[in-house]
Amino acid sequence: MKLSDFDYLLPKDLIAQYPLKERQKARLLVVNRADASIGHYVFDEILSFLKKDDLLVLNNTKVL
């Protein structure tokens, strides 16, 4: 596998340059593995998707 395998065209206006002032209003993509559906939410709704003993992994990487 090469790094170039991950190259794709993405318009610059779709790349976030700064975080939202209201971070809880960031977009949240939710995939339901049971029925393969995809839902669009905001981050402040995340608790409705987490169950006891779930693991939440945070990622602080940046777009290059």
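The second largest pocket has a volume of about 340 Å³. A pocket here is an open set of points on a 1 Å grid over the protein atoms alone where a 1.4 Å probe fits, with protein on both sides within 12 Å along at least five of seven lines; lining residues have an atom within 4 Å of a point. A volume is the space filled by probe spheres set on the points, which are joined across faces, edges and corners. The model is predicted: local features need pLDDT of at least 70, side-chain atom pairs count only at pLDDT 80 or more, and totals for chains, interfaces and linings use all residues. Residues are numbered from 1 along each chain as its sequence is written, and side-chain values use heavy atoms, without hydrogens and water.

The lining of this second pocket includes Leu-28, Ile-46, Phe-49, Leu-50 and Leu-56. The largest pocket holds about 1100 Å³ of space. Among its 21 lining residues, Ala-16, Pro-19, Arg-23, Ala-26 and Arg-27 lie nearest its centre.

Leu-50 is partly exposed, with a relative accessible area of 32% (buried means under 20%, exposed over 50%, partly exposed in between, with a 1.4 Å probe and protein chains only).

The whole structure has 2 salt bridges, each a side-chain nitrogen of Lys or Arg within 4 Å of a carboxyl oxygen of Asp or Glu. In one of them, Asp-44 pairs with Lys-25, with the closest N and O atoms 3.1 Å apart. These two residues are 19 residues apart and link distant parts of the chain. Asp-53 forms a salt bridge with Lys-52, at 3.7 Å between the closest N and O atoms, and both residues are exposed.

Definitions and conventions: Helix = DSSP H or I, 4+ residues; strand = E, 2+ residues; numbered from the N terminus.
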